[in-house]
Structure formats: C-alpha cells, structure tokens
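Dear colleague,

Here is the structure that I promised to pass on to you. Please have it open while you read the notes that follow.

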Amino acid sequence: EDGIRDTSVTGVQTCALPICTQSFTPADQEAEVVAISEARGRVTAESVVACNNVPNIDVAINDGWAIRSADTTTASRVNPCWLRMSSSQRGGPISEKETTHVVYGMAMPEGSDTVMAQYYRDHEEDVEPSDIYVTHYPTDVVKVFVPVPLGGGVLRAGEEIAQGQVLAKAGVRLSGTLIASAIAAGVQTVRVFTRPRISTVFIPGMGDSGFLDFAYEGRHNPA
C-alpha cells in the first residue's frame with residue numbers, strides 16, 4: 001500500500017516511485033524531436049503517421065508469370081489461352097495476351113495485374129481441370145487452362161501500411177517493431193516526451209532512511 005520498497009541497496013528502503021507518480025503527469029513534460037532510429041523506449045508526444053505506402057509499389061509475392069487476368073477469363077482445358085512471352089527483358093512491360101517471368105519481391109511489370117504461380121507440366125495430359133496448370137511449350141508461349149483470379153500473387157501498394165495511416169498514437173512507448181514499421185513508411189523523426197529527471201535528497205538525522213521518513217511525514221510517525 002505504501003509503494004515500492006527496495007532493501008537490496010545498502011539496506012535503504014525507498015518509496016519514491018508512488019510519490020513521484022502521484023504528483024507528475026505527462027502534461028507536465030516537455031517534448032523533443034529525435035531521429036526515429038534513436039527513439040526506442042521513448043514515449044510519443046504526438047501521433048506517428050506513415051509518410052509513404054508500404055510497399056510503395058505493387059510487388060510479386062510468388063515466383064511465376066506476370067499476366068493480365070482478363071486475358072485468361074475464357075481459358076479451359078478444351079480451349080486454353082495462349083500467352084506470348086514479352087519481347088522486353090524479364091520483368092518488363094507487357095501488353096494484351098503477353099506474359100513475362102517474375103520472382104518473389106520483384107516489382108510488377110507495367111500492364112500486369114496478377115501473378116500466375118510457376119507450376120509446370122511437360123504434357124497437356126498431366127493437366128487436371130480443377131487446377132491452374134500451365135505448359136511452357138514452345139519456349140516463347142505459356143498455355144493457360146483455367147481462368148486466373150485477378151490480383152493473385154500480388155501485394156498491392158499500401159496494402160501493409162497506407163500513407164497517412166497512424167502507426168502510434170500519442171502516449172505510446174516505441175518498440176523496435178513500431179520503429180521498424182515507421183522507418184519502412186518513411187518516418188525520419190518523431191516527437192517524444194523528454195526523459196524525466198528525478199533527484200532524491202537524504203536528510204541526516206531522520207533515521208536510517210531520511211528520505212523515507214520525510215516522504216511518510218503526515219501518514220504515520222516512524223519509530
């Protein structure tokens with residue numbers, strides 16, 4: 001009830017924490033601006049807001065073929081869609097009925113909206129109607145047997161963190177995870193409360209713990 005007591009240091013009992021917390025509020029604190037990389041453990045004085053989208057562009061989250069989903073809407077086992085390999089370099093822009101190979105983390109090529117998983121069969125006889133299989137035959141053509149859902153295999157710009165999103169409200173202690181998210185979202189500095197500085201004074205002649213007796217004055221008469 002009387003607060004925190006610590007007898008591990010030279011046998012001196014202390015109860016300073018509850019006294020300080022009862023007479024001190026965040027509104028009393030000053031604030032300062034620090035680099036976000038140096039702010040771990042600090043408490044925000046205002047909301048931290050994302051400056052950029054994360055990711056800032058559409059990226060592939062599967063290895064496979066970047067396509068236009070609309071080009072596969074009529075695909076079937078009996079009437080497959082044929083997609084030409086783009087004449088541009090890998091990951092370059094594609095046009096209607098074209099495709100290009102992408103890998104995980106690569107920016108989505110201009111003109112594409114979907115990644116078709118890289119799953120091959122050497123012969124059409126291996127294709128099951130219920131699955132999305134492709135055959136790479138001949139070398140400049142990809143053959144699609146079922147419609148590919150729009151947006152599959154793609155992480156859209158801002159899907160993880162949107163520009164303007166509040167990452168932390170005022171009064172939040174910044175963890176390493178929060179800081180990493182803020183850095184990814186383009187935050188460079190953050191406004192935080194200054195660290196409080198508290199001093200204690202030992203008063204001789206008031207017992208083994210002069211501060212303790214002083215702090216308890218008015219509550220009881222120490223022996």
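Over residues 1-13, how many contacts beyond four places in sequence does the model have? The model has 21 of them there, a contact being heavy atoms within 4.5 Å, although pLDDT (the predictor's confidence in each residue, from 0 to 100) stays under 50 over that stretch. Over residues 210-223 pLDDT also stays under 50, and the model has 20 such contacts. Where pLDDT is low, the predicted coordinates should not be read in detail. For the chain, the mean pLDDT is 78, with 66% of the residues at 70 or more.

This is a predicted model, in which local features need pLDDT of at least 70 and side-chain atom pairs count only at pLDDT 80 or more, while totals for chains, interfaces and linings use all residues. Residues are numbered from 1 along each chain as its sequence is written, and side-chain values use heavy atoms, with hydrogens and water left out.

Two backbone details deserve a look. The peptide bond from Val 54 to Pro 55 is cis, with omega near -10°, and Pro 55 sits in the loop between strand 2 (48-49) and strand 3 (59-60), strands being DSSP runs (E, at least two residues) numbered from the N terminus. Lys 97, in the loop between strand 5 (81-85) and strand 6 (98-102), has a positive phi, near 65°. Most residues other than glycine have a negative phi, and most peptide bonds are trans.

A search of the whole structure finds 0 disulfides, meaning pairs of cysteine sulfur atoms within 2.5 Å. Cys 81 counts as buried because its relative accessibility is 5%, whereas Cys 51, at 37%, counts as partly exposed; buried means under 20% relative accessible area, exposed over 50%, and partly exposed in between, with a 1.4 Å probe and protein chains only.

Best wishes

How values were computed: Helices (H or I, at least four residues) and strands (E, at least two) are DSSP runs, numbered from the N terminus.
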